[in-house]
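Hi,

Here is the structure I promised to send over. Have a look at it first, then read on for what turned up.

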Amino acid sequence: MRKNLDTTASVNGEKILASDFDLAKAQYESKNMLDAELLDGLIKERIVLQYGEKIEDIITEEDVEKKLQALKAEQNGNIFYQKAMKEYGSEEAIKIALKNRLIYNFVKDDLMNQFLSVLRIDEDKLYFRAEEFAEQYDLSLIHISEPTRH
C-alpha cells in the first residue's frame, strides 16, 4: 500500500504526490481515464503552472474572487459551488483551484499565441523561397502541354 507522501512523479523538482494523484483520480472518476492519461495531465498541468509562476501578478485575487462569486451565482441553486465545496472541503481550497485554473488557461493561451506568432508565414518570404527553390532547376526542359478541351 502506498503512502500519501510517496512521490508519483516529479516535474522540475516539484513532486506530484500519491495524494495528489488520488485526488485527481477521484475528481475524474466519471471520465474513465487510464492512470497514465491522468498522470500525463497532472504533469502537463504542473509544467504550465510552473511557467505561470514565472509571470508575476497575471492573476489577481480580484480575478479569483470574481470567479468564485460567479460560481456561487450559477443557476440551479449554485450546484457547482456545492459540488466544489464537497470536492475541495473549503472555500480557500476552491480559491486555490480557481487561481490555478485561471493561471493554467492564461499560460496555455499565451503559449499558443507565441507558437502561432512564430508559425505565421510571410507571403513575400514564401514567394521568394519558392522562386529560390525553382531556380535550382532548369525549368526550360519541362514541357507543359495545354489541357485538352472536350
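The side chain of Arg46 comes to 3.1 Å from the backbone oxygen of Lys15. Keep in mind that this is a predicted model. Arg46 sits in helix α2, and with a relative accessibility of 15% it counts as buried, because the cut-off for that is under 20%. Who is around it? Apart from its neighbours within four places in sequence, Arg46 is in contact with Val11, Glu14, Lys15, Ile16 and Asp20.

Helix α1 covers residues 18–27 and helix α2 residues 35–54; their axes come within 10 Å and cross at roughly 115°. That makes α1 roughly perpendicular to α2. The crossing of α1 past α2 is right-handed. On the α1 side, the contact is made by Asp20, Phe21, Ala24 and Lys25, while α2 brings in Asp35, Leu38, Leu39, Leu42 and Arg46.

Now for the chain as a whole. You'll find six helices and two strands in it, and going along the sequence the pattern is β-β-α-α-α-α-α-α. The protein chain has 150 residues, and 18% of them count as buried; Arg46 is also counted as buried. As for contacts with a separation of 6 or more, 52% of those in the protein chain are between residues 24 or more positions apart.

Cheers

Methods: Residues are numbered from 1 along each chain as its sequence is written. This is a predicted model: local features need pLDDT of at least 70, side-chain atom pairs count only at pLDDT 80 or more; totals for chains, interfaces and linings use all residues. Side-chain values use heavy atoms; hydrogens and water are left out. Axes are lines fitted to C-alpha atoms, for helices over the stretch in contact, and angles run from 0 to 180 degrees between N-to-C directions. Helices (H or I, at least four residues) and strands (E, at least two) are DSSP runs, numbered from the N terminus. Angles under 35 degrees count as roughly parallel, over 145 as roughly antiparallel, 65 to 115 as roughly perpendicular and the rest as oblique. A crossing is left-handed if the near helix is turned anticlockwise from the far one by less than a right angle, and right-handed if clockwise. Contact means heavy atoms within 4.5 Å. Buried means under 20% relative accessible area, exposed over 50%, partly exposed in between (1.4 Å probe, protein chains only). A polar contact is a pair of N or O atoms within 3.5 Å; within protein, one must be able to donate a hydrogen and the other to accept it, and residues adjacent in sequence count only if both atoms are side-chain atoms.
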